[in-house]
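The following questions and answers are intended for a student who is learning to read a protein structure.

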Amino acid sequence: MAGTAVFKTVLAPMQDITVRPFMALLASERYGAPDCFVTEFLRVHSTSGIDEDIVETLCDEPPLGVPIVLQLIGEDIEALLRVAGEALTAFPRTVGIDLNMGCPAPKVYKKAVGGGLLKDLPHAFEILRELRTLCNDFGKKLSVKCRLGFENTDALPRLLDGLCGIGLDEVTIHGRTVRGLYRDPVDYKSIALAARVLGEAGVPVIANGDISSAEKAREIVGETGCAGVMCGRHAIRNPWIFRQMRDEKCIPTFSDLFDYIVDLEAVVKREGDSRERVAARMKKYLNFVGTGIDADGKFLYGMRRSRTPEEIFEIAQKFCLGDRAELPFPREAYAGVIARPNCE
Ligand SMILES: Cc1cc2nc3c(=O)[nH]c(=O)nc-3n(C[C@H](O)[C@H](O)[C@H](O)COP(=O)(O)O)c2cc1C
């Protein structure tokens with residue numbers, strides 16, 4: 001692994017994506033690990049436990065020793081303390097707990113969890129104070145991942161003021177409101193404001209939202225004064241993105257990208273899965289990979305119609321091997337090629 005980035009790099013938590021095999025793949029020599037992983041969110045309520053994917057992610061030594069943070073989503077203080085305590089006891093290698101205050105799915109925020117917590121800041125701060133005490137008892141970190149507000153950014157000063165007083169180890173700001181989903185332009189000016197206010201209280205801020213390349217990461221860190229960046233969809237599309245933040249000479253080719261697509265089959269495969277099931281799981285990743293393959297979205301079109309991994313590889317071969325094999329894989333996605341038309 002060449003060099004170190006001058007800022008912190010984090011892989012964003014993503015449901016059904018940031019499972020242990022994907023973290024291990026990114027951490028392998030072929031790609032490039034971030035400085036920290038965060039699990040997909042674990043939904044916490046009065047009777048919830050720790051689900052299988054989270055157990056698999058946390059139960060062993062983290063891949064290449066990259067620290068893993070457990071993300072929780074919930075609003076019931078007692079339940080959050082119980083599950084956090086159980087997880088930190090069962091998986092002592094977990095470096096900390098992160099509270100999700102940003103999920104924009106209506107079925108989530110309507111229950112006043114995730115992004116819904118931004119509508120009730122006193123309750124959100126109470127949860128955080130209690131989790132702070134618990135994490136201190138375990139000698140673990142506590143962080144928050146939040147958006148800029150619910151409908152708009154009017155309450156951002158109140159949000160930042162409250163977060164300053166809790167003793168958080170880190171705050172990640174996704175520079176959109178909950179209503180802005182994944183589509184609105186990212187408001188890096190508000191992220192810069194958060195970095196300044198929280199920075200004065202000694203809390204590092206990580207910038208999140210459309211950090212699409214190593215170049216953009218450097219630019220945004222410079223512009224906002226953040227301590228680091230968190231990348232989600234663009235790290236699925238370009239698994240070299242964190243390495244490129246440390247090493248400008250890392251230039252993968254389309255042939256390397258083909259190998260990545262082959263590696264993804266191993267990431268998603270579970271014992272007893274049908275070939276159709278494996279293909280369906282691969283598509284969750286390939287929807288994002290496809291935004292960097294061709295400007296007309298033809299790879300995505302063919303990939304979405306494939307029923308098995310073999311059919312996917314056939315399409316991938318057409319776009320990644322032959323004449324294109326030695327071409328550099330573009331650092332940015334193609335504008336207008338949409339990963340998930342119904343979501344973004
Ligand atoms: C498929 C998918 C699943 C996600 N799941 C989570 C999650 O479990 N927890 C969370 O805090 N954010 C989740 N997010 C949001 C991302 O962590 C991140 O904030 C968002 O994608 C913006 O960053 P990006 O532009 O780098 O992708 C998810 C995003 C996507 C696309």
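Predicted model: local features only at pLDDT ≥ 70, side-chain atom pairs only at ≥ 80, totals over all residues.

Q: What makes up the secondary structure of the protein chain, and why is the chain called as compact as a globular protein of its length?
A: The chain contains 14 helices and 9 strands. Its radius of gyration is 20 Å, and the globule rule gives 20 Å for 344 residues, so the chain is as compact as a globular protein of that length. The C-alpha trace spans about 60 × 45 × 40 Å along its principal axes. Of the 344 residues, 47% are buried.

Q: Why is strand E5 described as largely enclosed?
A: A residue is buried if 20 or more other C-beta atoms lie within 10 Å of its own. In strand E5 (residues 96-101), 6 of the 6 residues are buried, so the strand is largely enclosed by the rest of the structure.

Q: What makes E5 a partner of strands E4 and E6?
A: Two strands pair if at least two bridges are found between them. Strand E4 (residues 68-73) pairs with E5 over 4 bridges, in the parallel sense. Gln71 stands opposite Asp98 of E5. Strand E6 (residues 141-147) pairs with E5 over 6 bridges, also in parallel. Here Ile97 has Leu142 of E6 as its bridge partner.

Q: Which helix makes a β-α-β unit with E4 and E5, and what is the handedness of that unit?
A: Helix H3 (residues 77-90) makes the unit with E4 and E5, and the unit is right-handed. That term applies if, with the strands pointing away from the viewer, the path from the first strand over the helix to the second runs clockwise.

Q: Why is strand E7 described as largely enclosed?
A: In strand E7 (residues 170-174), 5 of the 5 residues are buried, so this strand is largely enclosed by the rest of the structure. Both faces are covered: Glu170, Thr172 and His174 are buried on one side, and Val171 and Ile173 on the other.

Q: How do you know which strands pair with E7?
A: E6 and E7 run parallel and are joined by 5 bridges, with Val144 having Val171 of E7 as its bridge partner. The chain passes from E6 through helix H6 (residues 156-164) to E7 in a right-handed β-α-β crossover. E7 also pairs in parallel with strand E8 (residues 205-208), over 4 bridges, and Thr172 stands opposite Ile206 of E8. From E7 the chain crosses through helix H7 (residues 188-200) to E8, again as a right-handed β-α-β crossover.

Q: Why is Ile241 called buried?
A: The cut-off for a buried residue is 20 or more other C-beta atoms within 10 Å. Ile241 has 27, so it is buried. This residue lies in helix H10 (residues 241-246). Beyond four places away in sequence, Ile241 touches Ser213, Ala214, Cys231, His234 and Ala235.

Q: Why are Val262 and Arg93 called partly exposed?
A: A residue with 12 or fewer such neighbours is exposed, one with 20 or more is buried, and one in between is partly exposed. Val262 has 13 C-beta neighbours inside 10 Å, so it is partly exposed. Arg93 also has 13, and therefore counts as partly exposed. Val262 is found in helix H11 (residues 254-268), whereas Arg93 lies in the loop between H3 and E5. Arg93 touches Glu61 and Pro62, leaving aside residues up to four places away in sequence.

Q: What makes up the shell around the ligand?
A: The ligand is surrounded by 21 residues, and the closest are Ala12, Met14, Phe41, Gly232 and Arg233. The shell divides into 8 nonpolar, 9 polar and 4 charged residues.

Note on methods: Residues numbered from 1 in each chain as written. Near = placed C-beta within 6 Å. Nonpolar A, V, L, I, M, F, W, Y, C, P; charged D, E, K, R; others polar. Helix = DSSP H or I, 4+ residues; strand = E, 2+ residues; numbered from the N terminus. Rg over C-alpha atoms; globule rule 2.2 N^0.38 Å. Contact = placed C-beta atoms within 7 Å.
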